[in-house]
Amino acid sequence: MSVNLVETIQKKLGYPEIQKIDPNTQQPAGPEDKFSQAAVPAVLTGLYSYVQKDEGAEKILQVANSTMWVNKFFEADKNEVAQTISDYSNKPLDQVETEMNAIANEAIKTVKENLSADAGIKEVKDFFSDRRKDILLYLVPALNMGRLLHDETLDDNTNKMEGPVSSLMQNIGSAFSNPVTGEEINTAK
């Protein structure tokens, strides 16, 4: 069963419904709670980027809870990410950082619940690759997460499009960007 991380985290943490972003207007498709609309997809996008490195994928398998996930996901840009979400949502910065870590902890818990007990780095990467499109459907473009995570493709409005042609094009793109572990690289040599 495929789990939609955005919707699952939103429900588990009791946030109001998070809206998909309209690809034409680049705005949420319906009424939004600005904090959850910004923070949940932003944290999940940071987590997606973090697990693309073997060390990140391994770390989320090993660590249960942490108050430092946001630091790990966003590194030097953590303050700017938190400030951007604070500005977007009009929520105090210290509260934003605390809630972002709560979102990260719940996301990692949810990922572990949906992986087998013997899952490894590749399974973590595959799990997130399979959910990248779902996460980006909700990501508010005004946050500029692509710039902050040094991956401009995250902000591409084609990630907000749904339908058979869009899905086909996104699947082709995903096939070429499927994550590879360091172990697979070493085996291929």
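The following legends describe close-up views of a predicted model.

Residues are numbered from 1 along each chain as its sequence is written. In this predicted model, local features need pLDDT of at least 70 and side-chain atom pairs count only at pLDDT 80 or more, whereas totals for chains, interfaces and linings use all residues, and side-chain values use heavy atoms, with hydrogens and water left out.

**Figure 1. The chain has ten helices and zero strands.** Helices (H or I, at least four residues) and strands (E, at least two) are DSSP runs, numbered from the N terminus. Of the 189 residues in the chain, 47% are buried; buried means under 20% relative accessible area, exposed over 50%, and partly exposed in between (1.4 Å probe, protein chains only). The accessible surface comes to about 9500 Å², and carbon and sulfur atoms hold 51% of that surface; such areas come from the Shrake-Rupley method with a 1.4 Å probe, and for residues only the protein chains shown count as cover. Among contacts (heavy atoms within 4.5 Å) between residues at least 6 apart in sequence, 68% join residues at least 24 apart.

**Figure 2. The second largest pocket holds about 210 Å³ of space.** On a 1 Å grid over the protein atoms alone, a pocket is an open set of points where a 1.4 Å probe fits, with protein on both sides within 12 Å along at least five of seven lines, and lining residues have an atom within 4 Å of a point. Grid points are joined across faces, edges and corners, and the volume is the space filled by probe spheres set on the points. The lining of this pocket consists of 14 residues, with K53, F73, E75, L149 and H150 nearest its centre. Helices α2 (34-50), α3 (54-62) and α4 (69-74) each supply at least two lining residues, and α4 gives the largest share, three residues. The lining comprises six nonpolar, three polar and five charged residues; Ala, Val, Leu, Ile, Met, Phe, Trp, Tyr, Cys and Pro count as nonpolar, Asp, Glu, Lys and Arg as charged, and the others, Gly among them, as polar.

**Figure 3. Y50, W69, F73 and F74 form one aromatic cluster.** Rings of Phe, Tyr and Trp (its six-membered ring) pair if their centres lie within 6.5 Å, and planes under 30 degrees apart count as stacked, over 60 as edge-to-face and the rest as tilted. The count comes to six aromatic pairs. The ring centres of Y50 and F73 are 5.2 Å apart and their planes stand at 50°, so this pair is tilted. Because Y50 lies in helix α2 and F73 in helix α4, the pair ties together parts that are 23 residues apart in sequence. Y50 is buried, at 11% relative accessible area, and F73 is buried as well, at 5%.

**Figure 4. N90 and H150 are loop residues with positive phi.** Most residues other than glycine have a negative phi. Phi of N90 is near 60°; N90 is found in the loop between α5 (78-89) and α6 (93-113) and is exposed, with a relative accessible area of 68%. Phi of H150 is also near 60°. H150 is placed in the loop between α8 (145-148) and α9 (164-176) and counts as exposed at 66% relative accessibility.

**Figure 5. A107 is a buried residue of helix α6.** Its relative accessibility is 0%. Leaving aside residues up to four places away in sequence, A107 touches I9, L44 and L47. The C-alpha atoms of A107 and Q10 are 9.9 Å apart in space, while these residues are 97 apart in sequence.
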